[in-house]
Amino acid sequence: RQPVVMPVAQTYGEASERLLNGDVPFASLPPSLYVRAKAQSEDVRIVAVKIHGESWGSDAVLLASEKSGIESVADVRGHRICYTDPESTTSYVLPRAKLRAAGIDPDRDISQAHVSGNHLQLLKDIIDGKCDFGGTFMDNFTNARLKNVPTSRLNLVTKTGRTPHDAICAGPGATDEE
């Protein structure tokens, strides 16, 4: 066994950039970002996939503040959305696809977008009124109460899709010894 040190990046984009530049040999990337990193370098490869609770994937969900009046996807028009990070599959890619499928343009029909920075903060931002709704993964929603986030103040609007968990990727700078 050999310990692996994985510094925490401030954004998904930073993690990918550091991996591609060879600054770090490994990075944890969400599915959509792995696809983009792989397109930039054939040397990016998956070495492990995260498993949570014996599951290989996550349900992505759209949540709304109980005060927002949002009960369905059709109700989000004119409201404010929170994203964790524009590189997030469950918070950005899947919610935007779900909105488009419902005939809602996320760039024109949403009054304001706010970037929360991480999934737990997104829940807090919805509850605190920084936005009216946002996307995350189901485990974040169901486990946030363990971190004293009052999730009973959120409504589950809809499932936006299912995605594999993040992949641990080796980049161009990784060696077989690492």
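Let's start with strand E6, residues 133–137. Strands here are DSSP runs of E, at least two residues, numbered from the N terminus. Four of the five residues in E6 are buried, meaning under 20% relative accessible area with a 1.4 Å probe, protein chains only.

A word on the source. This is a predicted model, where local features need pLDDT of at least 70, side-chain atom pairs count only at pLDDT 80 or more, and totals for chains, interfaces and linings use all residues. Residues are numbered from 1 along each chain as its sequence is written, and side-chain values use heavy atoms, with hydrogens and water left out.

Which strands pair with E6? One is E3, residues 57–65. E3 and E6 are antiparallel, with five bridges. Pairing requires that DSSP finds at least two bridges between two strands. In this pair, Val61 stands opposite Thr136.

E4, residues 80–83, is another partner. E4 runs parallel to E6, joined by two bridges. There, Ile81 stands opposite Phe133.

Now the whole protein. It has five helices and eight strands; helices are DSSP runs of H or I, at least four residues. The order from the N terminus is α-β-α-β-β-β-α-β-α-β-α-β-β.

How much of the protein is buried? The share is 44% of the 178 residues.

Last, contacts, meaning heavy atoms within 4.5 Å. Take those between residues at least 6 apart in sequence: 75% join residues at least 24 apart. As for extent, the C-alpha trace spans about 55 × 35 × 25 Å along its principal axes.

Key
Buried means under 20% relative accessible area, exposed over 50%, partly exposed in between (1.4 Å probe, protein chains only).
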